[in-house]
Amino acid sequence: MLRGVAGHVDASGGDATAAFVMLAVMSANLDHIDEDRELARRYARFSTPVPEEERRPVSALAVAARLGLPRETVRRRLADLVAMGRCVREDGGFHVPTRVLATAERREVALLNFAAVRRLRRDLLAEAPDASWPQRGPADEVLDEGDDPPTRIVSRHSSNFALDFIHHLVVLTGGHEDAVAYMAVVEATWRGPASDESAALPGLTIAQSIDRPTESVRRRMTHLVKRGLIARTERGFIARHEPHLEPPIQAASLATVATLQNLFARLARHGVYLD
């Protein structure tokens with residue numbers, strides 16, 4: 001799912017904070033759609049985007065509350081997004097227009113995200129089979145994929161997951177840019193044992209994985225090392241935290257599992273199982 005986050009960063013001018021502001025606006029614009037089963041299925045696929053009249057504006061104050069950011073920070077980022085044509089300001093707040101989310105580039109990002117969420121579900125079923133993951137029953141109605149899979153409904157729900165997930169990481173790392181860099185290290189190196197330094201990645205590789213400038217990522221890595229969240233080795237950086245950080249990291253992990261269970265349960269209610 002990291003590529004999806006990186007795609008939002010690119011669309012927001014290379015600013016991770018602006019990317020999450022834009023993601024929060026998109027999510028708030030469309031939250032009501034998935035509360036209605038008929039609407040959710042009507043706008044499930046890339047070929048059927050939610051029209052302008054169905055998008056509900058959201059205020060800067062609500063976005064700031066969703067992200068835990070100062071209101072003025074959000075206002076500045078929204079002004080930048082409006083200037084870039086990524087957001088529209090109207091009575092009642094802001095929305096991301098349909099045209100921004102209907103390009104060929106957005107379709108590619110949506111397909112990558114769809115594949116990533118499917119892969120994540122399969123990994124979770126394999127690695128944590130005893131957890132409460134929703135399973136398709138013989139009588140359950142399934143939303144078929146065909147040539148136009150339900151990428152939009154998956155994107156809407158995974159965006160909400162990403163916002164909750166990044167909130168936990170921001171608390172740990174200190175900022176949205178740092179959270180994206182930390183996520184890249186964890187995603188690439190967490191599977192190996194903490195003592196296995198062969199899994200470490202150089203800063204250049206991490207920068208390429210999130211399509212960010214190498215020097216910027218190296219600064220983020222140095223910050224994360226100082227916070228004790230990752231370790232620097234001769235080979236590069238690895239997701240190995242200091243012992244005193246075990247309680248908050250464990251708490252964040254448990255909260256993430258609960259959020260993932262909610263993600264897949266909500267998708268299952270709309271007939272999306274990603275088997």
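Visitor: Is Ala 62 buried, partly exposed or exposed?
Guide: This is a predicted model, and in it Ala 62 has 36% relative accessibility. Buried means under 20% and exposed means over 50%, with partly exposed in between, so Ala 62 counts as partly exposed.

Visitor: Where is Ala 62 in the chain?
Guide: Ala 62 is in helix 4, which covers residues 60-67.

Visitor: New topic, charges. Which residues form the negative surface patch?
Guide: Glu 52, Glu 53, Glu 90 and Asp 91 form it. Asp 91 lies in the loop between strand 1 (88-90) and strand 2 (93-95).

Visitor: Is Asp 91 buried or exposed?
Guide: Asp 91 counts as exposed, because its relative accessibility is 75% and the cut-off for exposed is over 50%.

Visitor: How many salt bridges are there in the whole structure?
Guide: A search of the whole structure gives 13 salt bridges. Side chains of opposite charge can pair when their charged atoms come close.

Visitor: Show me one. What does Glu 38 do with Arg 42?
Guide: The side chains of Glu 38 and Arg 42 meet in a salt bridge, at 2.9 Å from N to O. Both residues are in helix 3 (residues 37-42), and because they are 4 residues apart there, about one helical turn separates them.

Visitor: How exposed is each partner?
Guide: Glu 38 counts as exposed at 55% relative accessibility. Arg 42 counts as partly exposed at 39%.

Visitor: And what does Arg 41 pair with?
Guide: Arg 41 forms a salt bridge with Glu 141, at 3.1 Å from N to O. Arg 41 is in helix 3 and Glu 141 is in the loop between helix 6 and helix 7, so this pair ties together parts that are 100 residues apart in sequence. Arg 41 itself counts as partly exposed, at 23% relative accessibility.

Visitor: Which salt bridge does Asp 275 form?
Guide: Asp 275 forms one with Arg 121, and the closest N and O atoms are 3.3 Å apart. Asp 275 lies in the segment after helix 11 and Arg 121 in helix 6, so parts 154 residues apart in sequence are tied together by this pair.

Visitor: Are those two buried or exposed?
Guide: Arg 121 is buried, with a relative accessible area of 3%. Asp 275 counts as partly exposed, at 42% relative accessibility.

Visitor: Let's switch to rings. How many aromatic pairs does a search find?
Guide: The whole structure has 2 aromatic pairs. One of them is Trp 133 with Phe 264, which is edge-to-face, with 6.3 Å from centre to centre and 85° between the planes.

Visitor: Why does that pair tie together parts of the chain that are 131 residues apart?
Guide: Because Trp 133 lies in the loop between helix 6 (104-127) and helix 7 (151-173), whereas Phe 264 is in helix 11 (residues 246-269). Both Trp 133 and Phe 264 are buried.

Visitor: And how are Phe 161 and Phe 165 arranged?
Guide: Phe 161 and Phe 165 form a stacked pair, 5.6 Å from centre to centre with 10° between the planes. They both lie in helix 7, 4 residues apart, which is about one turn of the helix. Phe 161 is buried, with a relative accessible area of 7%.

Visitor: Last one. What is the phi of Leu 274?
Guide: Leu 274 has a positive phi of about 55°, although it is not a glycine. Its place is in the segment after helix 11. Leu 274 is buried, with a relative accessible area of 4%.

Note on methods:
Residues numbered from 1 in each chain as written. Predicted model: local features only at pLDDT ≥ 70, side-chain atom pairs only at ≥ 80, totals over all residues. Heavy atoms only, no water. Helix = DSSP H or I, 4+ residues; strand = E, 2+ residues; numbered from the N terminus. Buried < 20%, exposed > 50% of the residue type's maximum accessible area, 1.4 Å probe, protein only. Patch = residues over 30% accessible without salt bridge, like charges linked within 9 Å, V, L, I, M, F, W, Y side chains within 5 Å. Areas by Shrake-Rupley, 256 points an atom, 1.4 Å probe, with all protein chains shown as cover. Salt bridge = Lys/Arg side-chain N within 4 Å of Asp/Glu carboxyl O. Lys, Arg positive; Asp, Glu negative; His and termini not counted. Charge placed at Lys NZ, Arg CZ, Asp CG, Glu CD. Phe/Tyr/Trp six-rings, centres within 6.5 Å; stacked < 30°, edge-to-face > 60°.
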